[in-house]
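Welcome! Please take a look at the sequence and the 3D structure below, and then let us walk through them together.

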Amino acid sequence: MVSPVTVVKSEGPKLVPFFKATCVYFVLWLPTSSPSWFSALIKCLPIFCLWVFLLAHGFSFLGAHSSARKILAGLIFSSLGDAFLIWQEQGYFVHGLLMFAVTHILYSSAFGMKPVNASAGLVVTALSSVSYMLLYPYLSGPFTYLVGVYVALIGFMGWRAIAGLQLANDLWTWTKLSGCLGSVLFIVSDLTIAVNKFCFPVPYSRAIIMATYYAAQMLIALSAVKCHEAEVARKRT
């Protein structure tokens, strides 16, 4: 297995634009009460940088590995979702929800269905069910079923990411760990959005949502480069 230090040396420089764009977002901290195309650009810029991160590995890499293509497509739909959510108070929240639903389908497909890890699936299903039951009394209209479907999709995505880790069998890599952590942070981010929007105000909600969201997307993007592990190891030896 490639060491974390080797991974940082190999992939770190490609992530510098992402970290800079994330800093710009938090430094500017544009008010959400005044949505604009500029604020949409600033919010989406870190995700655009993750597009570039994957593209920097080459079109041949993307062409050879469907999981990397699916994660790139997921990042594109995430950007669309981010843009819609800038105008959520103007009626575009559902549009953003649908874009992120597609994202989770793509990520689930990228993580794959093997190994199954039914025990992890049962745990995630139980936690997802409890989350939806807690949200249900606060939901009305189409959100009653839209949120239910969304919870199922993001829960499925989390299951597929966690299932691949296999810590007990020592069959894990840094990229599988990255995908697992990314999926968990994505769930934390979206759960915070749901509680803050439908239930009650969450203190520092925007900071929590965006910090966990950007970290999640970066980790999931990193999980796409698992195919480079052997290549990096060869170059370092």
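Ser-79 touches Cys-44, Ile-47, Phe-48 and Trp-51, leaving out residues up to four places away in sequence; contact here means heavy atoms within 4.5 Å. Ser-79 has its place in helix H4, residues 66-86. Helices (H or I, at least four residues) and strands (E, at least two) are DSSP runs, numbered from the N terminus. Is Ser-79 buried or exposed? With a relative accessible area of 5%, Ser-79 is buried. Buried means under 20% relative accessible area, exposed means over 50%, and partly exposed lies in between (1.4 Å probe, protein chains only).

A word on how to read all this: the model is predicted, local features need pLDDT of at least 70, side-chain atom pairs count only at pLDDT 80 or more, and totals for chains, interfaces and linings use all residues. Residues are numbered from 1 along each chain as its sequence is written, and side-chain values use heavy atoms, with hydrogens and water left out.

**The whole chain**

How many helices and strands does the chain have? There are ten helices and zero strands, and from the N terminus on the elements run α-α-α-α-α-α-α-α-α-α. The chain has 237 residues, and 46% of them are buried. Among contacts between residues at least 6 apart in sequence, 76% join residues at least 24 apart. The accessible surface of the chain comes to about 11900 Å², with 73% belonging to carbon and sulfur atoms; such areas come from the Shrake-Rupley method with a 1.4 Å probe, and for residues only the protein chains shown count as cover.

**Two helix pairs**

Helix H4 also meets helix H5 (residues 93-111): their axes come within 8 Å and cross at roughly 170°. Axes are lines fitted to C-alpha atoms, for helices over the stretch in contact, and angles run from 0 to 180 degrees between N-to-C directions. H4 and H5 are therefore roughly antiparallel to each other. Angles under 35 degrees count as roughly parallel, over 145 as roughly antiparallel, 65 to 115 as roughly perpendicular and the rest as oblique.

Helix H2 (residues 37-55) and helix H9 (residues 205-223) have axes that come within 10 Å and cross at roughly 10°, which makes H2 roughly parallel to H9. Among the residues that meet there are Ile-42, Pro-46 and Leu-50 in H2, and Met-210, Tyr-213 and Met-218 in H9.

**A few residues up close**

Phe-77 is found in helix H4. Leaving aside neighbours within four places in sequence, Phe-77 is in contact with Met-99, Val-102, Thr-103 and Leu-106.

| Residue | Relative accessible area | Class |
|---|---|---|
| Phe-77 | 27% | partly exposed |
| Ser-128 | 18% | buried |
| Gly-155 | 6% | buried |

Two pairs also show how sequence and space compare, C-alpha to C-alpha. Phe-77 and Leu-106 are 29 residues apart in sequence and 9.4 Å apart in space. Gly-155 and Val-124 are 31 residues apart in sequence and 6.2 Å apart in space.
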